[in-house]
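This report considers the confidence of a protein model and the architecture of one of its sheets. The sequence and structure are shown below.

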Amino acid sequence: MDERAGYIKKRNILLALLLCATVIAVMIFVFSTAGNRPEAAEPVEEPAPDTAWRADVEAPEEENRLAELLGDKRPTGEAIVLYYGELQLGVSDGTVDPAALSAQLDAALDGRCTPDQKIEARCEKTSDYPVSFDALLNAAADAVLDEETTACGLYVNGALVGAANDEETAKDALSSFLTAVKSEQNLGSNSTVELRNVSYRTLKTAKRSVMNGSELAVLIARSCNEDVTISGVDYARIREYMASAELPSEELTVRTVVKKNETVAIPFGVQYEYDDSKPDGFSTEKRAGVDGTKTYTYEIVYENGKQISKEKISEAVVQQPVDRIIVRGVKQYLLWPLSKENVRVTSPYGGRIHPITGVWSGHTGVDLAGPASGDIKGDPIYAAMDGTVTTAVVSRSSTGYGTYVIIDHGERLISGKNVSTLYAHCNSITVKSGQAVKKGQVIGYVGSTGASTGPHLHFEVRVNGSMTDPLTYMYTLSIGGDPLDTKKFTK
Ligand SMILES: [Zn+2]
């Protein structure tokens, strides 16, 4: 029993010594690593640190320090080794709980991707040194990110720009990019921006290459060389991706379609109204014209900022124009057959059919005299309207009309009624029966042939053969205009 007690005592002393040695070794290790270990990462320039989701400590350095500390004596025997599936993550110092590591891993991956397998601890014989929690975490994160997954690739012109978890996310990324371009260029709501030849295809890729929507939007922007601001982006991740991925070799074409409105005036038109109570040549504005407006919508296409085309796609009347209305007189007048100034009506029309005898008595026309009256060959006599000479009589008789002309004007003066004019007591005439004459044409000269007491023109108007007061159909000063201006009426 003593021997046994002595053995136990010796063993306890040895165990105590071994414990002391272990404690000292651990203390040395702790102090030494505390001294060498970097306090904090250098400040990072980028919006997000390069590897925000990774721990600071790199596993090989840790291992080197440990090897230095323990000399050449690699550990032997059994240790706790952590595995991700069948992939060895490293030797634990015994304090790492796989469940805690898994929880930490989920936080580090920040929902970007999920581990396919579990982290497990196995007790096995190994000569590897234990590593820190952070090193194990990094190894686990790398293992997960290296796993292959199915993703949706966004391709432009057949070149892969980047991948997202699914097509919806990829489409959202494109939409975010296009919205950002639109905002950058201050384009209105009826303008569109598009990226041409975009396609989506399922692909297999490492989980680390799968981007969230904002990150993929930035990848699209970089491929198009567009400088747009997109929030919620881990630029470190994008740099990491761009460093390893094969990027599209050509710059992509961003197509911007801008709808632009232009307003133009619609000139007003002119409408005419005709008033048969006003003389031909009379004109007045009844209503002023107002221009309308019209809007043209153009579609202007830009590719990478350069205008490619401009097309009118629609037009709409904003305000109809208001036509100007002009009233024109259409009443026809006979030309005064004498044109000189100071023409005088020396005897007006007037007469009646005698109630008993039934014979017309009175004056059948008007007598007109010009300043040259009294000359042997007086003032020229003008045709009062276009027509045909039906009678042209040269007579030296002292009775009747003497030398006279009758012109048939047809229905030119009054629609539906035949009008003819007669010019009597002429000194001479210049037309023959059957001759066509124009308004204002000289048909003869004032004289005093026939039953005349002095040089004058006896002028008659017959409507459907009946004598009528000529002044009814002549342009008088009370109506307006210059009744004696033959040029005006011959046009
Ligand atoms: Zn007369």
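The model is predicted, and its protein chain has an average pLDDT of 79, with 77% of the residues scoring at least 70. Among the elements of the chain, the mean pLDDT is lowest for helix α8 (residues 486-490), at 35, and highest for strand β21 (residues 404-408), at 97. The pLDDT lies below 50 over residues 26-58, a stretch that has 33 contacts in the model beyond near neighbours in sequence. Over residues 477-491 the pLDDT is likewise below 50, and this stretch has 25 such contacts.

The two stretches are listed here.

| Stretch | pLDDT | Contacts beyond near neighbours in sequence |
|---|---|---|
| residues 26-58 | below 50 | 33 contacts |
| residues 477-491 | below 50 | 25 contacts |

Attention now turns to the sheet. Three strands form an open sheet in the order β2-β1-β3, and their pairing is antiparallel. Strands β2 (87-92) and β3 (119-125) are the edge strands, each pairing on one side only. Direction ignored, neighbouring strands of this sheet are turned against each other by 35° on average.

Strand β1 (residues 78-84) runs antiparallel to β3 and is joined to β3 by 7 bridges. L82 has A121, in β3, as its bridge partner.

Two helices accompany these strands. Helix α3 (residues 98-109) lies across β1 and β3, and runs at about 140° to β3. Helix α4 (residues 133-146) packs on the sheet and touches β1, β2 and β3; the direction of α4 makes about 175° with that of β2.

Notes: Residues are numbered from 1 along each chain as its sequence is written. This is a predicted model: local features need pLDDT of at least 70, side-chain atom pairs count only at pLDDT 80 or more; totals for chains, interfaces and linings use all residues. pLDDT is the predictor's confidence in each residue, from 0 to 100. Helices (H or I, at least four residues) and strands (E, at least two) are DSSP runs, numbered from the N terminus. Two residues are in contact if their C-beta atoms, placed from the backbone, lie within 7 Å. Two strands pair if DSSP finds at least two bridges between them. Axes are lines fitted to C-alpha atoms, for helices over the stretch in contact, and angles run from 0 to 180 degrees between N-to-C directions.
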